[in-house]
Amino acid sequence: MSVLRGKSIVLGLTGGIAIYKSAPLLRRLTRDLGCDVTVVMTSSAQEFMTPLIFETFSGKEVITGMFESESGIVGTRHIDIIQRADLVAVIPATANILGKITAGIADDALSTMLLVAEPEKTIIAPAMNKNMYLNTVVQRNLQQLRELKYHIIEPETGELATAEEGWGIGRLPDEKTLIFHLEKAISAQKKSPLARKRILITGGPTREAIDDIRFISNPSTGKMGIALAETAAKAGAFVNYISGPTTLPDPTGCKTQYVVTAEEMKAAVLDLYKDQDIVVMAAAVEDIRPINPSEGKLKKDKIPESLSLKKTDDILLQLGKNKKDQILVGFSVEVENEVTNSISKMEKKNLDWIIVNNPREKGSAFATDTNQVTIINKKHKAHSLPLQSKVDIAEAIWQTITKSKD
Ligand SMILES: Cc1cc2nc3c(=O)[nH]c(=O)nc-3n(C[C@H](O)[C@H](O)[C@H](O)COP(=O)(O)O)c2cc1C
């Protein structure tokens, strides 16, 4: 369940072209996540969109001026509303509002409210033309805001608002990324045990070549690995995610690296291993590979009747041998005697935890959005979780392994 559920949010809107993306964002916050959102618009923002749409989606009066109110009562609402809020988010944030915050200017409702809000609960999503964004003064202001501990949602590089502006940095990220950052800011307030931890996660399959076109692989898609990576990043961890081939987008907020073979996966994992606090191997690393892959594409009549195979290196076994202070977590796929078989793997590979899933169970393991797992600790205590979304499974795994080492 999202940490945003039921939260009280102040959404500040400024006069940038990306304001059109704030309407669906507001709808998602209020309708899907049950947030209580108060919208505050600058007078420039009202030139781009009228308050009516935001009033409809928030179910409340939109604050459009320092001294105006539908009820006629203004009072010190600029203080009360901010003090009651869990988060204050300026999406989109113009170059102008960045300048006002850094200079301490409070000449309208939004800038005044932003002076009341603590930086730790304030999120700012700058969006503007690339020349404005790269302007030295704007960059200096942003750097100051980062140093003051404001949460900055960095803009993306891509197509800008008009054909003349073309391609460049300054785009407001998509809704999923904006929600990710709002959730991350709430998690930071709760001081998750994952905050500032260095975590390495692997996901997806590997491919072992028969020739340049054909390969041996398995049905893993990377959904479990991505769910683990995004939930850890949201909780404030520094996440390195190493993925086998997948068609899914990169997990938000993580450093992602792609590999193809088990050998490449092993090299990438070993390269990062010694600096990690927690390592979770959720990738379905292929256990076998053809000994002599052919170059090019084998003609049909040249395809051999049988292939000579070799086992790939067991990455987890190697990690267990090299283990220092890392918490080492393995995933295991078993179709029978799940717990007993997983316990012997855990012993053999010197793991701290093993998580077993069974692809024979409906909605579990490969290529599904859900999973049903059993988490086993070093003392062989097994804890089964009910079938639920991979995101919820990921959160339950983090909760379990950070609560106790045994
Ligand atoms: C069509 C148009 C688009 C604009 N888009 C942006 C923008 O994306 N980002 C930005 O920082 N300013 C943009 N501006 C400039 C701001 O609207 C202007 O600086 C304004 O004073 C900002 O006021 P505010 O920060 O109080 O909302 C745009 C102006 C116009 C006319």
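How many nonpolar, polar and charged residues does the shell around the ligand have? By class, the shell has eight nonpolar, seven polar and no charged residues. Here Ala, Val, Leu, Ile, Met, Phe, Trp, Tyr, Cys and Pro count as nonpolar, Asp, Glu, Lys and Arg as charged, and the others, Gly among them, as polar.

This is a predicted model: local features need pLDDT of at least 70, side-chain atom pairs count only at pLDDT 80 or more, and totals for chains, interfaces and linings use all residues. Residues are numbered from 1 along each chain as its sequence is written.

**Ligand shell**

There are 15 residues around the ligand. Gly15, Gly16, Ser44, Thr94 and Met128 come nearest. A residue counts as near if its C-beta atom, placed from the backbone, lies within 6 Å of the molecule. Helix α5 (residues 95-103) gives the most to this shell, with three residues. Helices (H or I, at least four residues) and strands (E, at least two) are DSSP runs, numbered from the N terminus.

**A helix pair**

The axes of α11 (residues 262-273) and α12 (residues 315-322) come within 10 Å and cross at roughly 20 degrees. So α11 is roughly parallel to α12 (angles under 35 degrees count as roughly parallel). Axes are lines fitted to C-alpha atoms over the stretch in contact, and angles run from 0 to 180 degrees between N-to-C directions. From α11, the contact uses Met265, Lys266, Val269 and Tyr273. From α12, it uses Ile315, Leu319 and Asn322. Two residues are in contact if their C-beta atoms, placed from the backbone, lie within 7 Å. By class, this contact has five nonpolar, one polar and one charged residues.

**Backbone exceptions**

Most residues other than glycine have a negative phi, and most peptide bonds are trans.

| Residue | Phi | Loop | Other C-beta atoms within 10 Å |
|---|---|---|---|
| Arginine 196 | about 65 degrees | between α9 and β8 | 11 |
| Asparagine 337 | about 40 degrees | between β16 (327-333) and α13 (338-349) | 10 |

Arginine 196 is exposed, and asparagine 337 is exposed as well. A residue is buried if 20 or more other C-beta atoms lie within 10 Å of its own, exposed if 12 or fewer, and partly exposed in between.

The peptide bond from isoleucine 91 to proline 92 is cis, with omega near 0 degrees. Proline 92 sits in strand β3 (residues 87-93).

**Alanine 195**

Alanine 195 lies in the loop between α9 (175-190) and β8 (198-203). With 13 other C-beta atoms within 10 Å, alanine 195 is partly exposed. Leaving aside neighbours within four places in sequence, alanine 195 contacts Ala188, Ala235, Gly236 and Ala237.

Methods
Parallel < 35°, antiparallel > 145°, perpendicular 65-115°, else oblique.
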